[in-house]
Structure formats: structure tokens, C-alpha cells
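Thanks for coming. I will talk through a few places in one structure, so please have it open on your screens.

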There are 2 protein chains.
Amino acid sequence: MSQSKKIETLAELVRERYGPDQQYDVLDNAVVRHILKHRSVRSFAPTPLPANTVQTLVAAAQAGSSSSNLQVWSVVALQDVAHKKQHAIWAKDQDFVRQAPLFLIWLADLSRNRLLAQVPEGVRIDGTDYLESVVLTAVDTAIAAQNAVLAAESLGLGAVYVGAIRSHIRAIAKDLRLPPYVFPLFGTAIGYPADGLVTHIRPRLPQAAAVHHEHYDASAQKQAGQSYDQTLDAFWKKQGIEHPLWTRHLATRLGNVSQSGDERYALREVLQELGFPLR
Amino acid sequence: MSQSKKIETLAELVRERYGPDQQYDVLDNAVVRHILKHRSVRSFAPTPLPANTVQTLVAAAQAGSSSSNLQVWSVVALQDVAHKKQHAIWAKDQDFVRQAPLFLIWLADLSRNRLLAQVPEGVRIDGTDYLESVVLTAVDTAIAAQNAVLAAESLGLGAVYVGAIRSHIRAIAKDLRLPPYVFPLFGTAIGYPADGLVTHIRPRLPQAAAVHHEHYDASAQKQAGQSYDQTLDAFWKKQGIEHPLWTRHLATRLGNVSQSGDERYALREVLQELGFPLR
């Protein structure tokens, strides 16, 4: 069993999420508390998953909204040990991908609809060929995956999103035998949290930086950023972790990426190779 | 009060979601049932929202996972009647956008991080300039929005995603006074369901079409598509609604879009105008 600090009341959850200086009146119920309790799990026990876990997570995912009911995603469940080991390497050598009994790779999938559409004469299926289709697909796939993550967490499992798979899309697409018009968008590693694992609710920016009323208003952002730097710094210090200020982290994560050689930043070319014209 | 058919047990929820011919063993708990109960609401009562609804939905949204903790979205809350009316027109004249007391427009927001990043000398913030950043942002924004939708539904509210706003991104970006590196991704209309509104759980494709094990496998898709055509057809007929088969709908929705003149299909150009280099 994991030893996540038992934070259960709404007031505690809000304080952990925003730090002690921010006050919000959040309406209370069990679903809201479940959502607010989320923390990513990056260390898993070898304990097998409950039977029917995949069916349950997929049912939750399919219950999410789907733009024009197009149902533009599918998911590959990896449970084979050697296969997960290979994917852990592709996901920036993150060992938890190997550890987790289940690694789901969520696919932006426009292939299935191209296969299934009953196309009348004179009609060409070009609605899959635009940047719009990639954006629509990314949105709908993430809606689905978030339902699955919340469902997993409700079963006592831990989960973490793995965007790092986009650093090896070419290799992963080949390994998963993806047809054209399909690409791997992100992974989710799922399993019981490792014995003794302590996880913490990571603070977020003050709401003033994230919410606008009627029109975009950046005037609160600088102040919110400074305040958040303090809150997040205190969060890391309490755990004894050395970590740069968040506003510095932004510069590290978003700076000079063109020199990184990371395949993520060739996504346009990679998607075109995988059959997406990106008009 | 809405008169949505009271479907509460897990077995009923699964049967409604997949039709009577598909059998799945889904693990039961209150969160899973809440997720499975989702149906979009497209007709709203004028009843005001509970105080603190926006704070609650934003707290739920911010509790979602964030890639590298970049927090790349923000949200505009529209509650002004005239303002919502204008946005209803932009959202393909869908009246429920005007009706709903709250219309949230979710923004892919790379501007805030560009403003807040403490950039050391010699570093250029180019990590926002790639197609990768648009995809990452779309994913993280949708994770956040889905948390907000589930939270809204837990408060007895109804919600619907509105992707149609992407048909008028230019006008909306101007109206919302968006700075460069921000674009409106989708909306969510939120309110109490209209009096007497009957909503139904819309069936989805059989899981065999959506789940793969270890490798992509399209072999079940044709059969699943045929079965789904029947299930969805029965769903519409039971409501007395004339509707083409789903596989025909796919062709209509995805066919000949290049002749539609819809701004969605100029998303590449539109995003470039809004400051996204899309490298």
C-alpha cells in the first residue's frame, strides 16, 4: 500500500493544490474530491491488476464526449514485460513504464473512420487531412484518457501520463504496426503504487492566472507567477528536493529546443510520414 | 428538473452505452458510474448556477495532469447575455450557447509561459513554436476541461463540448482580445438541463474496435462498424429520430470538406496568423 499523506477533506485538498495563501470556495462532493485528489504516480508495485481493468478503463474512456460522434481514437494495451521494457526506453528511459503492469498507448486514429465510412460516389474523404483533424483528435483522445485515469484512480490504482513517447513516434508507430492516419499521442502507465510510495498533490498557479472573465486579461499573471514560484518552492523544500524556481523551469523546458534533436520537434515531418497531410 | 431516464446501475449503464448485444465486465464504483452516466446536454434552463461554480470547475481543471507542469491553458468564462449571444452565432448558431448561463472557452495558452519564463542569456524560448506545442497544449487543455465537465455533472449541471468555435477562431480571438500564442480550442456550455429535457446515453463502438493488445489490429473493425450501425440505428429509431447510418454519417462529416469553406480547415493559416509558427 502506498503511504500517500491522507488528505481527504475538501479544504485540505484545496490548500494542498494552491498553497496556504490562496483561498477558494469549492463546492463539495465525492466526485469533486476524487478529481482534486489526483497526483501522478511514478513508481509501481508488481501486483497484478484486478481482472477486467482494461474493459473498465475503456468503457470509461468511451463514455467521454466525442466530436460529432466521430470516435477518433483507439488504444493499445501493453502488458507484455519485454514489450513494456522496450517502450520504457523509448519513453526517455522512464523505468515506471516497465514497472507498471499496464501501459496504455493512446492513438489518434483517423484510419478506422476512413476504413468504415460508406463513401457515396463523388465524395472524397478529405476531412482527415487537415491540421484541424489532428487538433480534434488530440482533444477527443485526451477527454477519453482522462476518464480512464480517473476511473483507474477510483479503483485504487495510480496513473501517470507519458508525453515522452512523442520523442520516438517513428519507432513506436512501426513497433505497434500502425496503419497510415494513426499516431501515438501519449501513454498512461497504470498500476498499484509501489509499497511505501509517498505522493504529494502538486500545487498549481493561482486561479487568477488561469481564469478570465468575458475577455482575456493578462494583468494578474506576473503577480500570480511570483506567488506560484514561492508556493512551489516551499512544496519542493518540504520534500527535501532541490528544484529550480518554476519560472526558471519554464525557460529550461521551453528554451533552445531546436538544438535538442528531440523528435518531438519534428512532429510535423513525422506526422506527414505517417500519412497525415496536415493541410 | 430534467427527465433523463433514470439509469443508475452499472449493468444498465453498460447496456445503454454498447447496446444489448455487447457484454462487458466493468468494475463498479461511484466514480465509474458517474463517468459512465455522461450524456451531453444541449438545452438549458435559465436557472442561475450555484455560487462558486466557476471556482469549482477551475479547481477541478487545474487538478488534472499537466505535461512537465507547464500549465499551458487558460479559460474565459462568458456569462454576459449579449456576449454569449454573439458566441452562439459563431458556434454555428447553436442556441444552447446563448441559453447556458455559463459558456467556458478553453484556450490553448502558450503566451503566459512566454511572459513568465525567466530566460537566461543565450536562451531563446522556441519550445512554443512547434506543432508539438499545439498538440501538447490540446491534450493538456482537454484533460483539464474533462475534469471540469465531470465536476459540473457531479453538481447536477449539464454540459456539452462545442468544437464548432473553431469555425470562427479569427473572430473569437479578436473578440476575446487574445494575445499572440493563444487560441480558442473549444467551448463548454454549462447549466441546469432544461425543464422536461430527456437525454439519452449515446452508444459507442464495440470495444473490439477501440482496443488493441500489444499491436494495432484492424481485423475487428469492419464487423464492429456493422454491428454499431445497427445499435446506433436502433437508438435513433427508439427516439423517433431520422438519422443516417453512422458509417454514412462518417462520409458526410469527413467528405469533401475542402469545398466547405469552413475556417476549421484553414486552421494552419489561422494559427500562424495568431502567432504560432507551427514548425
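Predicted model: local features only at pLDDT ≥ 70, side-chain atom pairs only at ≥ 80, totals over all residues.

Residues are numbered from 1 along each chain as its sequence is written, chains are lettered from A and ligands numbered from 1 in the order in which they are written, and side-chain values use heavy atoms, with hydrogens and water left out.

Helix 7 of chain A packs against helix 7 of chain B at about 45°, and their axes are 8 Å apart. An axis here is a line fitted to C-alpha atoms, for helices over the stretch in contact, and the angle runs from 0 to 180 degrees between N-to-C directions. The two helices are therefore oblique to each other. On that scale, angles under 35 degrees are roughly parallel, over 145 roughly antiparallel, 65 to 115 roughly perpendicular, and the rest oblique.

Which residues of helix 7 of chain A meet helix 7 of chain B? Among them are Leu131(A), Val135(A), Ala142(A), Gln146(A) and Leu150(A), and those on the chain B side include Leu131(B), Val135(B), Ala142(B), Gln146(B) and Leu150(B). Nonpolar covers Ala, Val, Leu, Ile, Met, Phe, Trp, Tyr, Cys and Pro; charged covers Asp, Glu, Lys and Arg; the others, Gly among them, are polar.

Stay with helix 7 of chain B for a moment. This helix, residues 131–154, has 24 residues and reaches 35 Å from its first C-alpha to its last, close to the 34 Å expected at 1.5 Å a residue. The expected span is 1.5 Å times one less than the number of residues. Is helix 7 of chain B enclosed or open? With 24 of its 24 residues buried, it is largely enclosed by the rest of the structure. Buried means under 20% relative accessible area, exposed means over 50%, and partly exposed is in between, using a 1.4 Å probe and protein chains only. After helix 7 of chain B comes Gly156(B), with a positive phi near 85°.

Back in chain A, helix 7 also has helix 3, residues 53–62, as a partner: their axes come within 7 Å and cross at roughly 135°. These two are therefore oblique as well, and the crossing is right-handed. From helix 3 of chain A, Leu57(A), Ala60(A) and Ala61(A) take part, and they meet residues of helix 7 including Ala144(A), Asn147(A) and Ala151(A). The residues of this contact divide into 7 nonpolar, 1 polar and no charged.

Now helix 11 of chain A, residues 246–254. Since 7 of its 9 residues are buried, this helix is largely enclosed by the rest of the structure. The buried ones include Trp246(A), His249(A) and Arg253(A). Their cover includes helix 10 of chain A, together with helix 6 and helix 7 of chain B.

That helix 6 of chain B contains Ser111(B), which is buried at 14% relative accessible area. Contact, here and throughout, means heavy atoms within 4.5 Å. Ser111(B) is in contact with Tyr216(A) and with Pro179(B), among others, leaving aside neighbours within four places in sequence. Over in chain B, Tyr216(B) lies in the loop between strand 5 and helix 10 and is buried at 8%. Its contacts, with residues up to four places away not counted, include Ser111(A), Arg177(A) and Pro179(A).

Last, some backbone angles. Most residues other than glycine have a negative phi. Arg177(B) is not a glycine, yet its phi is positive, about 60°. It sits in the loop between helix 8 and strand 4 of chain B. Buried or exposed? Arg177(B) is exposed, at 56% relative accessible area. Leu278(B) also has a positive phi, about 55°, and lies in the segment after helix 12 of chain B. Leu278(B), however, is buried, at 3%.

Note on methods:
Helix = DSSP H or I, 4+ residues; strand = E, 2+ residues; numbered from the N terminus. Left-handed = near helix turned anticlockwise from the far one by under 90°.
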